[in-house]
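Take a look at the fold shown here.

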Amino acid sequence: MFSLGQPLTYVQLNDPHAEDKDVEMTVESIVNGLFCVIVTLGVVPIICCPKGGPAEMVASQLDSRLRSHLNERNNLFMEAGHLGSSFQRPVLCIFDRNFELTAALQHVWSYRPMVHDILGMKLNRVVQGGKPYELDDSDPFWVANSSAPFPKVAEVVELELKKYKQDIEAVNRKTGAKGEMSFDEQELLGNTKHLMNAVNSLPELTERKKMIDKHTNLATALLGEIKSRSLDGFYNIEDDMLGRGSVDKNALLSVLKGKGTKEDKLRTAIVYLLAVETTPATEVEAIEGALREADIGLSSFLYVKKMKSLNSTFAAATAGNRNNLVDWAEKLYGQSLSAVTAGVKSLLSGGRQLAVTRAVEALLEARAGPETEAYLTFDPRVPKSSSKVHIQGSFKEAIVFMIGGGNYNEFLSLQELGQRLQPARNIMYGTTEVLSGKEFVEQLSTLGTKMGLGGSQGVIAPAM
């Protein structure tokens, strides 16, 4: 997983007041970052992206940049060694955050995404109780339990602690004195051996204790947040809405009027807008009323509501029947009028699999059909004059890049896909920046304010 560390990209690309040069500058910055990643990997990928919007702009410019560089006599791929001459090239799948907004907003129940979303993990580090903890591949517990649901993690922490105590007791038994001292040579040698084994095992036991303490503290902190904010309630109602495509209005209102932060409630309300295809006006008004009662600024909610409305209005416009109004709307709303609910439809038919994951699976397998025909393909190694890129067979590796903010929920979903496929595939995940649900809501709020939606009541200011 990698991040280009480019903040507020989603706002920059969707700002209705952004000038062309501002959007072009943001796209160029993303292309530069991706070019550096590709050169570091030392292999030229085949690029796939949905048609239209920032994803196509980045893919097209990256293709041109790679073509230009490959034509240079001493290009960086010639110096890349064995990786550069690898027979199997990866597919680079580029998406825009609007492809699936729900994945950036929904509450999560897996360990790594929860630590990021709730405890504010940054650059593989989380600070809890004033103490910093490193969370990376050197921590076997973190690696083994990242994708486990939280209750399972709590169980495993207890089991690890119990096993540690048993191992300590075993060491104490082996090194303990047995009555009066004996000078029998064999027994003395045996005791010395036990003592040496115990001394050798101490560093490993000490490291295990540190690891157990770390994850005990993190699990305790997560449990405290779950209880004080009723996070399981938010997770359950969102999961239900996304799974069924409909809502129990009373259950949703109960959650919105209960415990939880303002951002928790906003996230769930916006997931409702995106998950439920037909949202009756009276239902939406009741939800807006519940948010107002809690003194929550509506700019982010109204922004997504507006985008959904615009999308419905222009849904009938096909590629062959586009009018000036559609072109104007796409320009005004950041070249990203692709359906904000498109991802959800894919999600509903995929057994609760993220839409991005389903799309990547189809692209990895190079399937022909409706799942992939909406995508553009670029091959920087093929002459520009070639009208179509021919893909032979499936890909062994993929680089998935999300423009406008990614998260650990998507990362884990893609890792699980890579392990599930036969044969297993290697999937790398990248994004312009890694965002928690709270941080993404702040960016939606900023856009809503820029569009004059929601007024100033309870507006959530973006974190600096």
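Are α9 and α11 roughly parallel or roughly antiparallel to each other? Before the answer, some ground rules. This is a predicted model, in which local features need pLDDT of at least 70 and side-chain atom pairs count only at pLDDT 80 or more, while totals for chains, interfaces and linings use all residues. Residues are numbered from 1 along each chain as its sequence is written, and side-chain values use heavy atoms, with hydrogens and water left out.

Helices (H or I, at least four residues) and strands (E, at least two) are DSSP runs, numbered from the N terminus. Two packed helices are described by the angle between their axes and the distance between the axes. Here, axes are lines fitted to C-alpha atoms, for helices over the stretch in contact, and angles run from 0 to 180 degrees between N-to-C directions. Angles under 35 degrees count as roughly parallel, over 145 as roughly antiparallel, 65 to 115 as roughly perpendicular and the rest as oblique.

Now find helix α9 (residues 231–244). Its axis and that of α11 come within 9 Å and cross at roughly 5°. The two helices are therefore roughly parallel to each other. Contact means heavy atoms within 4.5 Å. On the α9 side, the contact is made by L231, F234, I237, E238, M241 and L242. On the α11 side, D264, K265, R267, T268, V271, Y272 and A275 take part.

Helix α11 (residues 262–275) also meets helix α10 (residues 249–256). These axes come within 10 Å and cross at roughly 160°. So α10 and α11 are roughly antiparallel to each other. L252, V255 and L256 of α10 make the contact with K265, T268, A269 and Y272 of α11.

Next comes the sheet. Strands of a sheet pair through backbone hydrogen bonds, either parallel or antiparallel. Two strands pair if DSSP finds at least two bridges between them. An open sheet of six strands has the order β1-β8-β7-β3-β2-β6, with mixed pairing. Its edge strands are β1 (2–3) and β6 (375–378), each pairing on one side only. At the β6 end, strand β2 (residues 46–50) and β6 pair in the antiparallel sense over four bridges. There, I47 has F378 as its bridge partner.

Look at β7 within this sheet. Strand β3 (residues 91–96) pairs with β7 in the parallel sense over six bridges. Six bridges also join β7 to strand β8 (residues 426–431), again in parallel. M402 of β7 is the bridge partner of F95, and M402 also stands opposite T431 in β8. The chain goes from β7 through helix α18 (residues 408–420) to β8 in a right-handed β-α-β crossover. Right-handed means that, with the strands pointing away from the viewer, the path from the first strand over the helix to the second runs clockwise.

How enclosed is β7? Buried means under 20% relative accessible area, exposed over 50%, and partly exposed in between (1.4 Å probe, protein chains only). Six of the seven residues of strand β7 (residues 397–403) are buried, so the strand is largely enclosed by the rest of the structure. Helix α2 (residues 20–41) lies across β1, β3, β7 and β8, and runs at about 160° to β7. Helix α18 packs on the sheet too, touching β7 and β8. Its direction makes about 165° with that of β8.

Another strand pair is a hairpin. Four bridges join strand β4 (residues 125–128) to strand β5 (residues 131–134), and the two run antiparallel. R125 stands opposite E134 in β5. Two residues lie between the strands, and G129 in the turn has a positive phi of about 60°. Q128 lies in β4 and counts as partly exposed, at 24% relative accessibility.

Finish with the backbone. Most residues other than glycine have a negative phi, and most peptide bonds are trans. N124 has a positive phi, near 65°, and lies in the loop between α5 (111–119) and β4. D295 also has a positive phi, of about 60°. D295 sits in the loop between α12 (281–293) and α13 (299–314). Last, a cis peptide bond joins Q422 and P423, with omega about -5°. P423 is in the loop between α18 and β8.
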